[in-house]
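Have a look at the structure shown here. This report walks through some of its side-chain contacts.

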Amino acid sequence: MKREATDLYAQIEARRVELGLTQAELGFRAFGKAETSAIQNIKRGSSPSFERMGALAEALGYDLYFGPPRDGAPVAQMLVDGAEYAHIPLHDASLAAGGGSENDSEHVIDELAFRRDWLKKQGISTSAACLARVRGESMLPTIAPGDVVLIDTRQRNLPIRSLPDTEVRHRAPIYALRGADGAQVKRLLRPSEDQLMVISDNPDYLPQVLNLALGSSSPIIGKVVWWGHTVKE
């Protein structure tokens, strides 16, 4: 067996044991089925494809990186009661539930921890997830000012469809988007290729229609997949 394969197999096994997983459970996390062939092939000296190695790395809570050396500390890992958590960055940016919010700075100011198995079940990649705060009242009572929203930036394609007016406010998905006045969080519908309907949950805010130039870049930042609310007395 090649020394590189031996070292890789030993590292995978050490991490698997640390997480309390069997090889079959690790295979299910990585590939969606309880298989051990990928790990056994590494043990025998085979080199896995980059795609399969990436799936294993994500299942183990590791980063798989190919490129120039990276500066900075490694991503923090946290294990609570046998469950592993990923730290998602909270950006210094506001998403307006109203007319739009200009953000001159979007650097990371904090992090929140989410269970990796929950993120994977929702189909959310940790590298594509980010958090931001909402200001304004146009999404009340669903999302309140000061709430934190989790955005999946990989979900930017909105299918063309329309809904009856009575169903729009309850069934249209919520997205973060960039408008003429800045970043917003709204329900979106795409009735045609060149139009977006921007809908608020607060009935005091009327729906708007954005006309999109064909071939232009999408204004959608990503889909809002979770939000957290702090009750204020």
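## The model

This is a predicted model. Keep that in mind while reading the distances and angles below.

## Aromatic pairs

A pair of aromatic rings is described by the distance of the centres and the angle of the planes. How many aromatic pairs does the count come to? The count comes to 2 aromatic pairs. Phe114 and Trp118 make a stacked pair. Their centres are 6.1 Å apart, with 25° between the planes. That angle counts as stacked because the planes are under 30 degrees apart. Phe114 is buried, at 9% relative accessibility. Trp118 is partly exposed, at 28%.

Phe114 also pairs with Trp226. Here the ring centres lie 5.0 Å apart and the planes stand at 90°, so the pair is edge-to-face. Phe114 belongs to strand β3 (residues 108-115), while Trp226 belongs to strand β10 (residues 220-228). The pair therefore ties together parts that are 112 residues apart in sequence. Trp226 is partly exposed, with a relative accessibility of 27%. Taken together, Phe114, Trp118 and Trp226 form one aromatic cluster.

## A charge over a ring

Which ring lies under the charged end of Arg52? The ring is that of Phe31. The charged end of Arg52 sits over this ring, 4.2 Å from its centre.

## Salt bridges within a helix

Side chains of opposite charge can pair when their charged atoms come close. The structure holds 9 salt bridges. One of them joins Arg16 and Glu13, with 2.7 Å from N to O. Both residues lie in helix α1 (residues 3-19). Arg16 and Glu13 are 3 residues apart, about one turn of the helix.

Are these two residues buried or exposed? Arg16 is buried, at 13% relative accessibility. Glu13 is buried too, at 14%. Both count as buried because the limit is under 20% relative accessible area.

## Salt bridges across the chain

Glu84 and Arg15 form another salt bridge. Their closest N and O atoms are 2.4 Å apart. This pair links distant parts of the chain. Glu84 is in strand β2 (residues 83-96), Arg15 is in helix α1, and the two are 69 residues apart. Glu84 is buried, with 4% relative accessibility. Arg15 is buried as well, with 6%.

Which residues make up the network of salt bridges? Arg15, Glu18, Glu84 and Arg116 are linked in it.

Arg190 forms a salt bridge with Glu193. The closest N and O atoms are 3.9 Å apart. This distance still counts because the limit for a salt bridge is within 4 Å. Arg190 is buried, with a relative accessible area of 17%. Glu193 is partly exposed, at 47% relative accessibility.

## A loop residue

Where does Ser47 lie? Ser47 lies in the loop between α3 (37-43) and α4 (50-60). Ser47 is exposed, with a relative accessible area of 66%. It counts as exposed because its value is over 50%.

Now compare sequence and space. Ser47 and Leu8 are 39 residues apart in sequence. In space, their C-alpha atoms are 9.8 Å apart.

Technical notes: Residues numbered from 1 in each chain as written. Predicted model: local features only at pLDDT ≥ 70, side-chain atom pairs only at ≥ 80, totals over all residues. Heavy atoms only, no water. Phe/Tyr/Trp six-rings, centres within 6.5 Å; stacked < 30°, edge-to-face > 60°. Buried < 20%, exposed > 50% of the residue type's maximum accessible area, 1.4 Å probe, protein only. Helix = DSSP H or I, 4+ residues; strand = E, 2+ residues; numbered from the N terminus. Lys NZ or Arg CZ within 6 Å of the ring centre and 35° of its normal. Salt bridge = Lys/Arg side-chain N within 4 Å of Asp/Glu carboxyl O.
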